[in-house]
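I want to see how they pair up and where they sit.

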Amino acid sequence: SAFYMDTSGLGLVTTIVTPVVADGVTKGVIGMDVPVIDLVADLVFDREFVKGYPFIVDSAGQVVWHPALPSPSEGSIEPTNIADIEITAAFATDVMPGLVAGETGSATINVNMPIARGDATYAGFAKDYREVTFAWKPVEGTPFRVGVAFTTTELDAKQLPLKATENCDFECDIYHRINIEDAQCGATVTTKSGVEMIEGKASSFYAASAFANPSAWLEYEETVDDVKMMTAASTCSGGRVPFIDYAGIGELKPEVVNDNLLVMGVDQCWVEKSSSNIVWSYFGSANGLYRMTPAATSKKGYDPTKRPWYMGAVANVKSSGGFDVTMTMPYLDAAGAGEIVSVSKTVTMQGGTDEQVAGVASVDMKLSAVKDVVESAGVCGESSTTCMIIDETGHIVYHPDFVDTATADENVFLAIKAREIAEDLVQQNLLVQNTCMDYASGYRKTSYQLSNDAPGAAGDLSCGKWTLQLLGNTNVYLLAVSSNGCEASSDVACTACSEDNCNSWDTLNMDEALLCQPCQCKTRYDSCELKYGEADASAVPACPAAPPAVNDYGTNCGFEGSAARNRAGAAALLAGAVALVVGMW
């Protein structure tokens with residue numbers, strides 16, 4: 001049947017039926033409802049590409065799964081055609097005809113790919129113009145066609161070197177489920193603000209994508225025996241890769257266990273670099289490993305590669321190649337440390353290109369520590385000067401008002417604290433609009449992006465001056481505002497999104513006035529044309545999918561060795577990223 005939303009909570013489902021016939025007489029019909037996520041799980045949880053992606057459509061080009069849309073397990077969307085998501089003209093001429101016709105083929109075209117930095121409502125998206133190969137083939141006996149888009153460099157994918165087991169001293173590892181097995185490695189569990197943790201130790205967690213059958217793993221409730229098996233596998237003498245003989249879950253993929261064995265080599269570095277200003281240290285691998293210090297339990301639906309700290313780091317590419325250090329907007333720490341920011345750096349494969357991502361190393365730092373660094377920098381410590389840090393979208397990462405507050409100062413746009421400066425940046429064409437269509441919600445979303453000419457920008461205010469400087473190889477800028485001892489005017493206002501200016505939207509841009517953030521405009525869905533908006537709606541790129549909700553899913557919550565120099569090299573690679581992140585401060 002056509003896909004529809006199940007009322008009992010299975011998400012998007014399809015009904016499969018067949019008549020029951022005996023002696024030529026139809027006796028009835030037997031059927032079953034199948035969650036769509038079970039049909040497309042291999043695509044949803046795909047880990048083959050960093051910027052490439054798989055997708056599936058039907059014979060009319062209607063999308064069954066595409067990374068710009070939410071997972072079928074999370075909700076329903078209006079029918080969306082692949083031509084409205086892949087808006088490049090060459091896709092319509094070189095890919096679409098053969099795709100819907102049920103042919104097997106491929107085509108290489110130039111595409112301006114939107115790259116997710118997090119939720120496009122606040123983080124916007126990065127743009128990456130590159131050569132992309134689309135390949136597709138029909139699924140025999142069905143109306144479906146499976147396709148994949150990938151960059152040329154991703155074809156030569158590399159894995160982290162295999163962890164050698166000789167001369168190994170990793171005989172104990174802590175699996176994250178300390179809430180059901182707290183006696184791991186003889187460690188003691190403590191509680192801070194209701195969060196159980198083991199201080200001075202790291203824990204390993206595996207996302208659903210790390211298992212042979214991801215969707216079955218999400219529905220499975222772990223036992224103490226499972227915890228012991230996971231713990232044993234993540235040591236040098238573990239003996240075998242964990243295999244769970246339940247509902248077809250199968251094995252934990254060897255490559256992700258190998259990731260954990262490698263990252264364990266930098267545990268001591270995490271501990272040595274720790275301070276009262278660093279709350280959490282962690283590493284997420286492209287294969288689905290999440291390793292953190294202090295050890296703590298993660299929700300089962302957590303996927304490190306789908307979180308803003310990971311996505312932002314991967315999207316933060318230098319113009320010369322490679323990746324810059326990335327800072328997130330502030331948020332409240334769950335363990336009671338107050339407001340913190342995540343500082344992340346992408347780690348690439350040894351011997352691979354800059355696009356062959358191994359994972360992301362990150363630390364969470366107290367915002368009070370950021371304040372100390374900022375106020376120690378020249379004029380920022382003077383009473384007549386206010387210094388703040390903003391990211392590439394014009395959102396405030398640090399402001400003196402944010403420190404020691406009881407609520408999170410998250411997603412605060414520059415215009416809220418300094419409207420006149422934001423307007424000046426827009427008028428100088430240094431803060432420019434980005435627009436995308438969010439097919440999951442039916443909203444067009446406008447965000448801002450600081451241009452490449454923004455570093456070094458300066459301007460006069462009705463009361464004082466301002467200047468903007470890029471902070472090294474990062475995604476953030478230092479904004480210094482000098483009041484010259486007078487009171488700044490507050491009569492400059494940004495324009496709120498409304499029905500009027502949303503309806504007057506042209507193809508790509510709204511009114512040039514400074515728009516308050518976030519700006520979202522509900523777009524009418526045409527049930528006859530099966531698309532959003534007017535005929536020119538295809539000119540607006542699809543928003544990258546937002547990070548999914550992290551769910552508990554109903555739960556409480558030997559290796560082939562290579563040379564020791566490969567092991568040491570991989571450990572040094574990870575340690576170098578850690579040192580770079582921590583060394584900023």
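I started with Cys436 and Cys543, which form a disulfide (a pair of cysteine sulfur atoms within 2.5 Å) with their sulfur atoms 2.0 Å apart. I read 90° about the S-S bond here, and the link of Cys436 and Cys543 is right-handed. Cys436 lies in strand 24 (residues 431-438) and Cys543 in the loop between strand 31 (531-532) and helix 15 (564-583), so this pair ties together parts 107 residues apart in sequence. For helices (H or I, at least four residues) and strands (E, at least two) I go by DSSP runs, numbered from the N terminus.

A note on the source: this is a predicted model, where local features need pLDDT of at least 70 and side-chain atom pairs count only at pLDDT 80 or more, while totals for chains, interfaces and linings use all residues. Residues are numbered from 1 along each chain as its sequence is written, and side-chain values use heavy atoms, with hydrogens and water left out.

Buried or exposed? I found both Cys436 and Cys543 buried (under 20% relative accessible area; exposed is over 50%, partly exposed in between, with a 1.4 Å probe and protein chains only).

How many disulfides does the structure hold? I count 3.

Next I looked up Cys497 and Cys519, whose sulfur atoms are 1.8 Å apart in their disulfide. The S-S torsion is about -135°, so this disulfide is left-handed. Cys497 is partly exposed at 25%, whereas Cys519 is buried at 1%.

Then came Cys380 and Cys387, a disulfide with sulfur atoms 2.0 Å apart. Its torsion of about -85° makes it left-handed.
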